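Biologist: Hi, I'm new to this one. Could you walk me through it?

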Amino acid sequence: MMYQAYQNHMDLTAPWRSGAAHALKYLNLVPQGVSDKLFGRLAAALELISRTSLTYARPAYGIDKVLVGNQELEVTEEVAYATPFGSLLHFKKENSPEQPRLLLVAPMSGHFATLLRGTVKTLLQDHDVYITDWHNPRDIPVNQGRFGLDDYTEHLIDFLDQLGPRAHMVAICQPSVSALAAAAIMSEDNHPARPATLTLMAGPIDTRIQPTKVNEFAKSKPLKWFEDNLINYVPVQCKGAFRQVYPGFVQLTAFVSMNLERHIKQHIDLADHLAKGETEKAETIKTFYDEYFAVMDLPAEFYIETIRDVFQEHLLPQGKLTYRGRPVNPASIKRMGLMTVEGEKDDICSIGQTLAAQDLCTGVRAYRRVHHMQAGVGHYGVFSGRRWNNEIYPLLRDFVHVNS
């Protein structure tokens with residue numbers, strides 16, 4: 001009942017947040033110079049009150065243009081294929097030269113695929129980019145059925161089938177296991193749309209290697225504890241009422257608690273910037289938290305199976321993982337390039353966990369293998385930020401183009 005109680009509380013307090021937002025609009029009409037200090041502090045308070053809620057709708061990607069070579073091209077979003085649980089979203093560039101088709105596999109870990117907005121924008125310079133745009137389970141009617149780890153893998157196979165032969169797949173974090181499984185199954189079946197390359201970035205292929213706090217927590221409790229304490233029913237107010245999920249607000253709470261002091265300081269800084277009229281600094285913080293507080297629930301089956309198969313029983317590195325009852329055999333991957341990327345300071349997926357894929361894929365020729373450990377970056381720095389743009393991406397781009 002925790003999720004229902006949370007939703008009821010948010011619904012009851014919605015008028016306060018709405019009132020604060022409306023009052024803030026009128027306050028902004030007050031001419032500058034009229035008690036700036038008083039009105040600045042009042043505006044800061046109203047802003048913080050209006051932001052004390054989470055968003056359950058996917059934010060916009062907001063990628064309208066991208067520089068390709070020396071030409072700026074317009075970008076439009078097109079749904080190339082869709083199921084109740086996810087869309088294959090294509091970032092179509094007007095008048096673009098032919099470029100390698102690439103499927104960017106986004107994690108299903110409490111945030112929307114828009115968390116990879118910066119990754120997409122960088123990739124668009126040299127690739128024809130598609131992304132797994134997962135839907136929020138709280139908006140999916142229960143009669144649409146379950147969504148487990150096998151369903152995730154099946155979606156990747158179906159999406160690659162839509163892209164056709166010689167596409168490339170890049171998986172970020174958690175879905176590295178399903179991406180490797182999909183590549184193995186498609187290779188074993190000699191599927192015409194099997195990817196030309198597979199890139200795994202900061203993914204938990206073998207979490208027995210240098211376990212992080214996240215890994216240790218997943219193993220610290222029996223599976224039934226996760227089922228009894230973290231799985232809830234979607235509230236009756238939602239389209240997905242009575243679907244079992246791991247609520248996004250619970251996952252966000254866990255994320256925030258890992259760096260609680262930092263998040264508190266950020267909001268103190270936000271209030272200070274707003275009170276002083278430092279609009280640009282305030283907007284930077286607000287933009288980050290607009291994305292960070294846009295949360296997505298996880299289907300209960302997917303969450304529990306991931307905890308069990310990936311973090312507790314380590315099925316993939318032990319050769320015990322199955323897909324629809326079939327053994328997943330990474331050694332069957334042969335005519336495919338394999339790249340693995342890790343971050344030196346990654347506290348979610350430590351050094352060696354993603355590299356493990358190189359040992360599993362014994363059929364990949366040595367000249368088609370690339371491994372990169374990026375110095376000085378944590379988990380998110382592997383796929384976003386300055387070092388991703390300037391150091392990691394050029395390696396990935398060259399790897400994809402050489403194998404196209």
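Predicted model: local features only at pLDDT ≥ 70, side-chain atom pairs only at ≥ 80, totals over all residues.

Biologist: Okay, let's zoom in. Is H11 mostly covered or uncovered?

Modeller: Mostly covered: 12 of the 13 residues in H11 are buried. Among them are Ala300, Phe302, Tyr303, Ile304, Val310 and Phe311. The buried set also includes Glu301, Glu305 and Asp309.

Biologist: What do those buried residues pack against?

Modeller: Quite a list! They pack against the helices H4, H5, H6 and H7, and also against strands S9 and S10. H5 covers residues 176-188, while S9 is 244-246 and S10 is 298-299.

Biologist: Let's take those helices in turn. How do the axes of H4 and H11 cross?

Modeller: H4, residues 149-163, has an axis that comes within 8 Å of the H11 axis, and the two cross at roughly 100°. With that angle, H4 is roughly perpendicular to H11.

Biologist: Which residues make that contact?

Modeller: From H4 you have Leu149, Asp150 and Tyr152, and from H11 there are Phe302, Glu305, Thr306 and Asp309. Sorted by class, the contact of H4 with H11 has 3 nonpolar, 1 polar and 3 charged residues.

Biologist: Now H6. At what angle does that one cross H11?

Modeller: The axes of H6 (residues 213-220) and H11 (residues 300-312) cross at roughly 115° and come within 10 Å. So H6 is roughly perpendicular to H11. The crossing of H6 and H11 is left-handed.

Biologist: Who meets whom there, in H6 and H11?

Modeller: Asn215, Ala218 and Lys219 are the H6 residues, and they meet Ile307, Phe311 and Gln312 of H11. This contact of H6 with H11 consists of 3 nonpolar, 2 polar and 1 charged residues.

Biologist: And H7? Where do its buried residues sit?

Modeller: H7 spans residues 223-230, and Leu223, Phe226 and Leu230 are buried in it. Viewed down the helix axis, the buried residues of H7 fall within an arc of 75°, so they line one face of the helix.

Biologist: What's on the other side of H7?

Modeller: Lys224 and Asp228 are there, and both are exposed.

Biologist: Do tell me how H7 sits relative to H11. Parallel or antiparallel?

Modeller: Their axes come within 10 Å and cross at roughly 155°. H7 and H11 are therefore roughly antiparallel to each other. The crossing of H7 with H11 is right-handed.

Biologist: Which residues make the contact between H7 and H11?

Modeller: On the H7 side, Leu223, Phe226, Glu227 and Leu230 take part. On the H11 side, the contact uses Tyr303, Ile304, Ile307, Arg308 and Gln312. The residues in this contact of H7 with H11 divide into 6 nonpolar, 1 polar and 2 charged.

Biologist: One last thing: which residue follows H11, and what is its phi?

Modeller: H11 is followed by His314, which has a positive phi, near 50°.

How values were computed: Residues numbered from 1 in each chain as written. Heavy atoms only, no water. Buried < 20%, exposed > 50% of the residue type's maximum accessible area, 1.4 Å probe, protein only. Helix = DSSP H or I, 4+ residues; strand = E, 2+ residues; numbered from the N terminus. Arc of directions from axis to C-beta. Axes fitted to C-alpha atoms, helices over the stretch in contact; angles between N-to-C directions. Parallel < 35°, antiparallel > 145°, perpendicular 65-115°, else oblique. Left-handed = near helix turned anticlockwise from the far one by under 90°. Contact = heavy atoms within 4.5 Å. Nonpolar A, V, L, I, M, F, W, Y, C, P; charged D, E, K, R; others polar.
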